Amino acid sequence: MPAIPRERRSTWSLAILLGLVITVTLQIFTGIAMAAGWMSLLSFHVEDGMAAALFILLEWLWLAGTRPGRGTLRHLFPMASQRWHAAGRQLQGIFLGRPIPTPALNTIVEGAFLLIATMAVLLGLLLVFTALPSRFPPLLAGHRALASLLALLWIIHLLLALYTALGRRAEARKC
């Protein structure tokens, strides 16, 4: 049975995705730099966080409001067991040294990244626009914990993308 071709993202939705990737990556790196003592980056971190909030909102609107977006949403947050099985096979292939060129695991990581980035941005907005940080110090700790998890997922995502690309390259050489 031939595979059904997936619709491609439009140019504007790719621009939204690129904006999200750049702003959230800058959030991760400026957050690490501030943790290392470079607090002079705080104003940039806040401004970039506002931009990240806008791109995250636009990404969620695209995911929920367009047909290709809803298709992507099903890949990012799979409900079907076959997607989870494909991710499990990919993970098994990683540990057994047999690359399986499927993006299943990577898209699930992307979904987790989007959810955690959304929560981190929401906490960041609360930190900037309310008096909650002084009344509720765990808010900053939660923001930092989510940022640490984002940095870890960012690294995992890059490694999985590289692994998948190398697996595809190896498969292409066999043909």
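Which residues does Phe113 touch, not counting residues up to four places away in sequence?

A: Phe113 touches Val24, Ile28, Leu150, Leu153 and Trp154, with residues up to four places away in sequence left out; contact here means heavy atoms within 4.5 Å.

Some ground rules come before the rest. This is a predicted model, in which local features need pLDDT of at least 70, side-chain atom pairs count only at pLDDT 80 or more, and totals for chains, interfaces and linings use all residues. Residues are numbered from 1 along each chain as its sequence is written, and side-chain values use heavy atoms, with hydrogens and water left out.

The pLDDT is the predictor's confidence in each residue, from 0 to 100. Its mean over the protein chain is 86, and 91% of the residues reach 70 or more. Residues 1-5 have pLDDT below 50, and this stretch has zero contacts in the model beyond near neighbours in sequence.

The chain has seven helices and zero strands; helices (H or I, at least four residues) and strands (E, at least two) are DSSP runs, numbered from the N terminus. Of its 175 residues, 35% count as buried, where buried means under 20% relative accessible area, exposed over 50%, and partly exposed in between (1.4 Å probe, protein chains only).

Phe113 belongs to the largest nonpolar core. Such a core is a set of buried Ala, Val, Leu, Ile, Met, Phe, Trp, Tyr and Cys residues joined through side-chain atoms within 4.5 Å. Two or more residues each come from helix 1 (11-35), helix 2, helix 4 (81-96), helix 5 (104-129) and helix 7 (138-174). Helix 5 gives the largest share, twelve residues.

Val24 and Ile28 are among the buried residues of helix 1, which also include Leu20, Ala33 and Met34. The 25 residues of helix 1 should span 36 Å at 1.5 Å a residue, and the end C-alpha atoms are 36 Å apart, which agrees; the expected span is 1.5 Å times one less than the number of residues. Gly37, with a positive phi near 110°, follows helix 1.

Ile56 is one of the buried residues of helix 2, along with others including His45, Asp48, Glu59 and Trp62. Helix 2 (residues 42-65) has the highest mean pLDDT of the elements, 97, while helix 6 (residues 132-135) has the lowest, 70.

Helices 1, 2, 5 and 7 also each give two or more residues to the lining of the second largest pocket. On a 1 Å grid over the protein atoms alone, a pocket is an open set of points where a 1.4 Å probe fits, with protein on both sides within 12 Å along at least five of seven lines; lining residues have an atom within 4 Å of a point. The pocket holds about 720 Å³ of space, a volume being the space filled by probe spheres set on the points, which are joined across faces, edges and corners. Of its 29 lining residues, Gly31, Met34, His45, Leu140 and His143 lie nearest the centre.

His143 is in helix 7 and is buried, with a relative accessible area of 14%. Leaving out residues up to four places away in sequence, His143 touches His45, Ala120, Leu123, Gly124 and Leu127. The C-alpha atoms of His143 and Val121 are separated by 8.2 Å, although the two residues are 22 apart along the chain.
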